[in-house]
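Visitor: Could you walk me through this structure, feature by feature? I would like to learn how each one is read.

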Amino acid sequence: MEHIRTTKVEQVKLLDRFSTSNKSLTGTLYLTATHLLFIDSHQKETWILHHHIALVEKLALTTSGCPLVIQCKNFRIVHFIVPRERDCHDIYNSLLQLSKQAKYEDLYAFSYNPKQNDSERLQGWELIDLAEEYKRMGVPNSNWQLSDANREYKICETYPKELYVPRIASKPIIVGSSKFRSKGRFPVLSYYHQNKEAAICRCSQPLSGFSARCLEDEHLLQAISKANPVNRYMYVMDTRPKLNAMANRAAGKGYENEDNYSNIRFQFVGIENIHVMRSSLQKLLEVNGTKGLSVSDFYSGLESSGWLRHIKAVMDAAIFLAKAIMVENASVLVHCSDGWDRTSQVCSLGSLLLDSYYRTIKGFMVLIEKDWISFGHKFSERCGHLDGDPKEVSPVFTQFLECVWHLTEQFPQAFEFNEAFLLQIHEHIHSCQFGNFLGNCQKEREELKLKEKTYSLWPFLLDDQKKYLNPLYSYKSPKFAVLEPNTVSFNFKFWRNMYHQFDRTLHPRQSVFNVIMNMDEQNQQLEKDIKDLESKIKQCKNKQTDGILTKELLHSVHPESPTLKTSLCFKEQTLLPVNHALRTIEGSNPADNRYSEYAEEFSKSEPGVVSLEYGVARMTC
Amino acid sequence: MDEIEFSSTGSGWGPRSEVLAVGWGNSCETVRWLLPRGLLNSCPAGVASCPASSCPFPSPRSPRLTLLESVLLLGPRPTTGGMEFSELIRTGRAQAKLLRGPEAPPLRGTLCVTGHHLLLSPGPQGTSDLWLLLLRSVDSIEKRVSGDSGTITLRCKDLRVLQLDIEGVEATLDIARSIEGLRLGDAWHFHPPERYYKRVARETNAWRLSEVNEDFSLCLSYPRAVIVPRAVDDDALARCARFRQGGRFPVLSYHHAPSGTVLLRSSQPLTGPQKRRCAEDEELLRAVLAGARPGAPGFILDTRSAQAAKQARVTGGGTEAKAAYPGWKRLHRPLERGRPLQESFVRLVEACGDLEQSMDGWLSQLEACHWLAHVKEALSTACLAARGVEREEACVLVHGAEGTDSTLLVTSLAQLILDPLSRTMTGFQELVEREWIQAGHPFQLRCAHSAFSHACPKHEAPTFLLFLDCVWQLGRQFPLSLEFGEGLLLALFEHAYASPFGTFLCSSEKERCLCEVRTRTHSLWSGLNQPKVRRKLRNPLYVPNPLAIWPSVEPQSLRLWQGLFLRWIRPPEPSQVAWEKVWQRLASKEKTEGCEPTSKPQL
C-alpha cells in the first residue's frame with residue numbers, strides 16, 4: 001500500500017481506442033491494492049489487475065488533461081485522460097510500482113481469498129493428478145517405468161520428481177545422459193500412445209559441440225526405440241531452425257549426430273526462438289493497434305510481423321510428430337535448446353492431435369499441467385510475473401493457445417471447450433491470481449509452498465464449466481479420434497477475439513454459440529419433461545394393465561374382444577387429463593410457455609392408446 | 001438434312017402453346033429451337049417461339065444476342081437426323097399409355113420428363129405425332145398405384161384432364177415426383193415497383209408512383225414505374241431525365257419511416273464544362289427535402305473522388321453545384337468499379353487457387369488483390385449513407401457516374417443495415433429485384449465473364465458479387481439477424497453469372513420486356529421459394545431484429561469469404577458439418593416441441 005498516493009481521481013475520461021470520433025466516457029478512477037478500477041457514468045466497471053499491466057505510459061499534456069495509456073498483457077489497452085497532471089503522475093508512479101513486483105510473496109495469489117477452507121483448497125490442488133494421467137496412457141507397463149532418479153531434483157532441477165523412462169534404461173545411463181544434456185534435461189516420456197505402443201519423449205539439446213558424444217545418452221535413445229516393439233527406428237525432432245542449432249555447436253551444445261546414434265532419423269522443423277516470437281507479437285500489436293487501419297496496411301503488417309508464419313510452423317511440427325506416430329508407428333524424441341518452450345509447444349500439440357481426451361475440458365487442464373507446468377515451462381519468466389529480465393518474456397504459451405484455437409476453428413466439433421476457455425486460461429497465466437502458473441519449475445513451486453498458500457485455478461474453471469462448453473462438441477464421432485489439420489495458408493487467420501478481446505466494437509454483435517447453448521438447454525428441459533410424463537403414463541398404465549391384461553388374455557381367443565378394446569381406449573383417454581392436472585399441481589413451471597404448448601399436445605394425444613393396443617395385440621398372438 | 005418439325009395443331013398442346021418446337025432451318029433467324037441432348041434436361045427458357053416480326057434483336061451480331069442465345073440455346077446441334085425423340089433424354093423415362101378424354105384415341109409410347117416438359121414419344125413405328133406438355137400448365141397431379149402399374153392424373157390449367165397409365169410402380173412414382181418437383185410456382189414471380197410503393201404509401205404521402213417511363217422513353221435502364229416526389233409532375237421528370245446521364249433522374253430507393261427521410265439514387269448530372277443547370281432537377285431535390293421532416297438536411301453521396309467528379313465535367317458529366325442545390329451537401333467517397341474491381345476479383349481467385357504458397361505469400365497476395373479493401377470501402381460507404389438517413393435524419397442522394405453500379409451497391413447495403421424487412425428471405429429477394437435487377441444493373445455486361453476468362457474484360461465487373469460479399473460480412477457479424485444463410489448468397493452469385501432462370505437475364509427492364517423474359521422463362525424466385533429449397537437457404541438461427549445493424553468495418557473484423565472463394569478448393573469443411581449439426585438441433589427442437597409424447601411407451 002505504500003505505493004499508493006492517490007486512491008481516487010474524478011472526472012477521468014476513458015477514450016475509445018478505435019472510435020474515429022473522439023468519443024469518451026467520463027467517470028471515476030480508483031486505485032486499490034490489487035486493481036485499477038474505472039467506473040463510468042453508466043456505472044459500468046472496468047477492472048484492471050495490476051499484474052496484467054505490461055506498460056504504463058504518460059503522454060504529453062493536452063488541453064483536456066494528461067493522457068495515461070495502459071497496455072495489458074491480456075491485450076487490453078486503455079487510454080485515460082486525467083484532468084490534473086499531478087494526479088496522473090501519482091497514478092503513473094503507483095502503477096509502475098504495483099505492476100512489477102520483486103518478490104513472489106507480493107503477488108496477488110498470496111493474498112487472494114476465495115472463501116474456501118483448507119481442505120477445499122487442497123482438494124482443488126488434487127483435482128489434476130499426473131500419476132493418474134500416466135496410468136490412463138498405459139504406463140508404467142512392460143516397457144516403461146517410473147524412475148525415482150530425480151526424486152530430490154538431484155539430476156534435473158527443472159524436471160518434476162516423477163519421470164517415466166524405458167524400463168531397460170538403468171540409473172547410471174540416466175545420470176550419464178543427463179550430464180550430456182543442457183540443464184540436465186535428459187530424454188523422458190511425455191506421451192505414450194497405447195495402441196501404437198509408440199512414445200513422445202522430450203529433452204534438451206545434447207552438449208555435443210562439434211564432436212563430443214556420450215555413450216549413456218546413445219544408450220538411452222536406443223532404449224527408447226527398443227521400448228517400441230513395432231518400429232525400431234525413432235525420430236529425433238530438433239524444433240529449431242538448422243542454423244540456430246549449428247550456431248549452438250560453437251557453444252558446446254548442438255544436436256545429435258546421426259552417425260553416433262543407431263536407428264534415429266533426425267529432423268529439423270524450424271520454429272524460431274523466444275526473442276523472434278516476442279518481437280513478432282510486438283509488431284503484430286503495433287499494426288492492429290493503429291487507428292483507422294486500412295486493409296492493405298493490416299495485411300502487409302500481418303505478413304511482416306510473421307506471426308501467422310510462426311503459428312503455422314508450430315502447427316506443422318505438431319503434425320509431423322503426430323504423423324510419425326500414426327503413420328509410421330515410430331517413437332519421437334522432441335527437443336529444442338532447453339526443451340521447455342518449443343518442445344512444450346510441439347509435444348502438447350502433438351498429443352492434442354493424437355488423443356481426444358486432451359480435447360475435453362479436464363483433459364486440456366491435464367495437458368497443460370503435464371507438458372507445460374510440470375516439465376518446467378518458465379511461466380514466471382515468460383509472462384514477466386516479477387520485475388525481471390524483459391528478454392525472458394515471450395508469448396510461447398499464447399502461441400500454443402492460438403494453435404489450439406486454430407484447431408477449434410478447423411474442427412468445430414472436436415473440442416469440448418470453446419474459445420472463452422482458452423481466453424480465460426490466457427487471462428490467468430498473467431493474472432497471478434492462482435498459484436498454478438507461478439514459478440518456473442516444480443522445485444520452485446514447492447519451495448514457495450504454493451499448495452498451502454495459494455489456490456489452484458482448475459476447480460474454479462470446472463465450476464464455471466457451463467460457460468466454456470462447446471455446443472457443437474460430438475465426442476462420439478470416430479472422425480475426430482486423430483485430428484489431421486490442413487495447414488494450407490488460408491486456414492490461418494488473425495485471432496481477433498484474443499488480440500482484440502476488449503475492443504468490443506470489433507466483435508460480431510451476436511453470438512451463435514450462446515443461441516445454440518440456450519437452445520440446447522431448452523431442449524434438455526423439454527426432453528426431461530417428456531421423460532417425466534412418459535414415466536407417469538407408464539405408471540398409470542401399469543396399474544391398469546395389471547388388471548386388464550389377464551382379462552385381455554382371456555378375451556383374446558374370443559372374437560368379441562374389440563368391444564373391450566374400445567372401452568379400454570375410453571378409459572385410457574379419460575385418464576389423461578387427470579395426469580395432466582397432476583403434472584400441473586406438482587408445480588412444473590406454468591409460466592414456461594413451451595411446457596404449456598407441450599401440455600396441450602399431450603392432452604389431445606391419442607397415440608398412447610394406440611401403442612397400448614399394439615402391445616396387447618402382440619401378446620395375444 | 002432431315003427437318004424435324006412439330007406443329008402446334010396437334011391436340012396435345014398445353015395452354016401456353018407458344019411452346020413451339022421449330023426444326024433447324026426454320027425461317028426464324030434468331031431463335032432456333034434445337035433439341036440436343038443436354039438441352040431438354042436443362043432447358044433454360046420455357047422454350048422459345050419467335051415470330052420474326054416481334055424479334056427483339058435488331059442485329060444478330062449484337063453482343064447481347066449472342067449472350068442470350070447462349071443461355072437459351074445450349075448445346076450443339078445434333079448431327080444425325082431422324083433419331084427417335086426420346087433417345088435424347090436419359091432420365092425419367094417409362095412406357096406409358098396416355099388417355100386424353102373419351103373422344104381422342106389413347107396414345108402409347110415412351111414417356112419422358114425433361115426440365116420443362118412432359119414428352120410422349122410414340123416410337124419409331126408410331127404414326128402419330130410426338131406429344132408435348134409444358135409442365136407449368138399442370139395444375140394438380142394425382143397418382144395411384146395398383147399391382148405393377150400406376151396411374152397419374154394430370155389436371156391442367158386449361159381445364160383438361162389427362163390420364164397416364166404407366167408400367168412399373170417405381171417409374172410411376174418417379175415420374176409423379178419429377179412432375180411435382182418441376183411444376184414450379186404459378187405466375188412469373190417478381191416484385192414490381194408497385195409493391196414497394198404500397199409500403200411507402202402507407203408510411204408517407206409525399207411520394208407518388210410515376211409511370212412516366214412507361215415506354216422507356218425517358219430512361220432505358222429504369223423500370224416502367226418509379227417512385228418520385230408527389231410535388232414533381234411527369235413533365236418536370238422528363239426534363240430532369242435529360243439532365244442526368246442515361247436519363248436516370250433521382251428516384252426513391254428507400255423511405256426510412258422512423259426518421260421520415262429517404263435514400264435516393266440517380267446518375268451524375270450533365271453539368272458539363274459550361275456548368276449547366278436544370279431548374280427541374282433542382283426543384284426535384286428541393287421537393288425531396290420539403291417532403292421529409294422539416295429542416296432535414298440533404299447529403300449527396302458521390303461514389304467518385306472529388307477529383308474524378310470534377311474531371312467528369314470534361315465529358316459532359318459532373319456534380320451538383322453547391323449554389324444550385326441549397327440544403328444539399330456533397331460528400332465524396334471513392335469506390336472502385338469497372339476494370340480495377342474485375343482485376344481485383346481475378347487476382348483474388350488466382351491467389352486462392354495456389355495451395356502451395358507460403359504464409360507470407362498468401363498474406364501478401366491477399367493484400368495486393370485489394371478485394372477486402374473494396375469490401376471495407378463498400379460497407380463503410382453504405383454505413384455512411386445509412387448513418388445519414390438514420391442518425392442525421394437527412395435525405396441522402398447516392399450517385400456515381402452511370403448510377404448503375406456502385407450507386408446500387410451503396411443504396412442496397414444501406415437498406416440492409418437499416419431495414420429489418422430487407423433482412424428477411426422475401427425482403428432480401430425483393431431488395432435484389434428492386435435495387436439491382438429493376439434498377440438496371442447491367443447483369444449481361446457485368447457478369448458476362450467471371451474470374452477465369454482469358455477474354456479481355458470490357459464491361460465485366462463483379463459489383464454484384466461485391467454486394468453479396470458485403471452481405472455475407474454483415475451476416476457474419478450479425479449471425480442471427482439475417483433470415484437467409486450463405487446458401488442464398490451463393491445461389492444468387494451462381495445465377496447472376498449463369499442461370500437456367502430468366503431473372504438475371506438482360507441488362508434492363510426494357511430489354512427484358514423486349515425479350516419477353518417474363519413469359520418465356522422461369523423466375524429464379526419461384527425456384528428458390530419452393531419449400532424444400534427455401535428451407536435449405538434459411539438461416540436456422542434467425543431471430544427478427546427490429547434495430548439497425550451497424551457492422552464493424554475494421555480490417556480485423558472482415559474476413560475472406562471462404563465459402564465462396566475457396567468453395568471448390570478446400571476439402572469438405574468440418575465447419576459445414578458443424579452447421580449441419582446446428583440444423584439437426586433445430587430439427588430436433590422442432591420435433592421435441594411438436595412431439596407426441598406417447599409414442600414410446602409400450603407394454
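Guide: Gladly! Let us start with Arg342(A), which sits in helix α10 of chain A. Helices and strands here are DSSP runs numbered from the N terminus, a helix (H or I) having at least four residues and a strand (E) at least two. Before going on, note that this is a predicted model, in which local features need pLDDT of at least 70 and side-chain atom pairs count only at pLDDT 80 or more, while totals for chains, interfaces and linings use all residues. Residues are numbered from 1 along each chain as its sequence is written, chains are lettered from A and ligands numbered from 1 in the order in which they are written, and side-chain values use heavy atoms, leaving out hydrogens and water.

Visitor: Is Arg342(A) buried or exposed?

Guide: Buried means under 20% relative accessible area, exposed over 50%, and partly exposed in between, using a 1.4 Å probe and protein chains only. Arg342(A) has a relative accessible area of 8%, so it is buried.

Visitor: And which residues does Arg342(A) touch?

Guide: Contact means heavy atoms within 4.5 Å. Not counting residues up to four places away in sequence, Arg342(A) touches residues including Thr239(A), Arg240(A), Asn273(A) and Cys336(A).

Visitor: What does UniProt record for Cys336(A)?

Guide: An unreviewed UniProt entry gives Cys336(A) the annotation "active site". UniProt positions follow the numbering used here, feature names are shortened, and annotations may be inferred rather than shown by experiment. Cys336(A) lies in the loop between β14 and α10 of chain A and is buried, with a relative accessible area of 2%. Among the residues it touches, beyond those up to four places away in sequence, are Cys203(A), Asp238(A) and Arg342(A).

Visitor: Where does UniProt place the feature "binding site"?

Guide: The unreviewed entry puts it at Asn273(A), Ile274(A), Cys336(A), Ser337(A), Asp338(A), Gly339(A), Trp340(A), Asp341(A) and Arg342(A). These positions are spread over 70 residues of sequence, yet they cluster in space, with a largest C-alpha distance of 12.2 Å. Gly339(A) counts as buried because its relative accessibility is 1%. Leaving aside neighbours within four places in sequence, Gly339(A) is in contact with Arg185(A), Arg202(A), Cys203(A) and Ser204(A).

Visitor: Let us turn to chain B. How do I check the length of helix α12 of chain B?

Guide: The expected span of a helix is 1.5 Å times one less than its number of residues. Helix α12 of chain B (residues 425-437) has 13 residues and should therefore span 18 Å, and its end C-alpha atoms are 17 Å apart, which agrees. This helix is mostly covered, with 12 of its 13 residues buried; Phe428(B), Leu431(B) and Trp436(B) are among the buried ones.

Visitor: How should I read a strand?

Guide: In a regular strand the side chains alternate between the two faces of the sheet. In strand β4 of chain B (residues 131-134), both faces are covered: Trp131(B) and Leu133(B) on one side, Leu132(B) and Leu134(B) on the other, are all buried. Two strands pair if DSSP finds at least two bridges between them. Strand β3 of chain B (residues 117-121) runs antiparallel to β4(B) and is joined to it by 4 bridges, and Leu118(B) has Leu133(B) as its bridge partner.

Visitor: Which polar contacts does the side chain of His441(B) make?

Guide: A polar contact is a pair of N or O atoms within 3.5 Å; within protein, one must be able to donate a hydrogen and the other to accept it, and residues adjacent in sequence count only if both atoms are side-chain atoms. A polar atom of the His441(B) side chain lies 2.9 Å from the backbone oxygen of Thr404(B), and a polar contact of 3.4 Å joins the side chains of His441(B) and Asp405(B). His441(B) is in the loop between α12 and α13 (443-446) of chain B and counts as buried at 0% relative accessibility.
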